[in-house]
Amino acid sequence: MIVRIMGEGQVKLDDAHFVELNKLDDELLDEMESGDEPGFRRTLSALLDAVRRLGTPLPDDSLEPSELILPAEDATLDEVRQMLSDDGLIPG
């Protein structure tokens, strides 16, 4: 799957990693619902770090369609809320 982190670029991520990423996504959703800003910051950073660590960066000149778009690390709670689906940021 091709994942875009807004403002950074794209990475290719094996579907096998989505179990780990979904756990972080669920935690992020809980923190957003409770208004836990420090927890939200910490978990968003952990989620993006996991995508960077587990994924393979695509070249900057690559124009692959992104199947998943994640917010930038400095995104606000409200900006991320607008990106959410019923499943959170990561479907499944």
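In which helix do D49 and R52 both lie, and how many residues apart are they? In this predicted model, the two residues sit in helix α2 with a spacing of 3 residues, about one turn of the helix. Their side chains meet in a salt bridge, with N and O 2.7 Å apart. Side chains of opposite charge can pair when their charged atoms come close. D49 is partly exposed, at 39% relative accessible area, and R52 is partly exposed as well, at 28%.

Elsewhere, shared partners join the salt bridges of E8, D49, R52 and E73 into one network.

The count of salt bridges comes to 6. One of them pairs R53 with E20, at 3.0 Å between the closest N and O atoms. This pair links distant parts of the chain, since R53 belongs to helix α2 and E20 to helix α1 (residues 18–34), 33 residues apart. R53 counts as exposed because its relative accessible area, 56%, is over 50%.

Turning to the sheet, 4 strands are arranged openly in the order β3-β2-β1-β4, with mixed pairing. At the edges are β3 (56–57) and β4 (68–70), each pairing on one side only. The strands β1 and β2 run antiparallel and are joined by 4 bridges; I5 has G9 in β2 as its bridge partner. Helix α2 (residues 37–54) lies across β1, β2, β3 and β4, at about 135 degrees to β1.

Technical notes
Residues are numbered from 1 along each chain as its sequence is written. This is a predicted model: local features need pLDDT of at least 70, side-chain atom pairs count only at pLDDT 80 or more; totals for chains, interfaces and linings use all residues. Side-chain values use heavy atoms; hydrogens and water are left out. Two strands pair if DSSP finds at least two bridges between them. Contact means heavy atoms within 4.5 Å. Axes are lines fitted to C-alpha atoms, for helices over the stretch in contact, and angles run from 0 to 180 degrees between N-to-C directions. A salt bridge is a side-chain nitrogen of Lys or Arg within 4 Å of a carboxyl oxygen of Asp or Glu. Buried means under 20% relative accessible area, exposed over 50%, partly exposed in between (1.4 Å probe, protein chains only).
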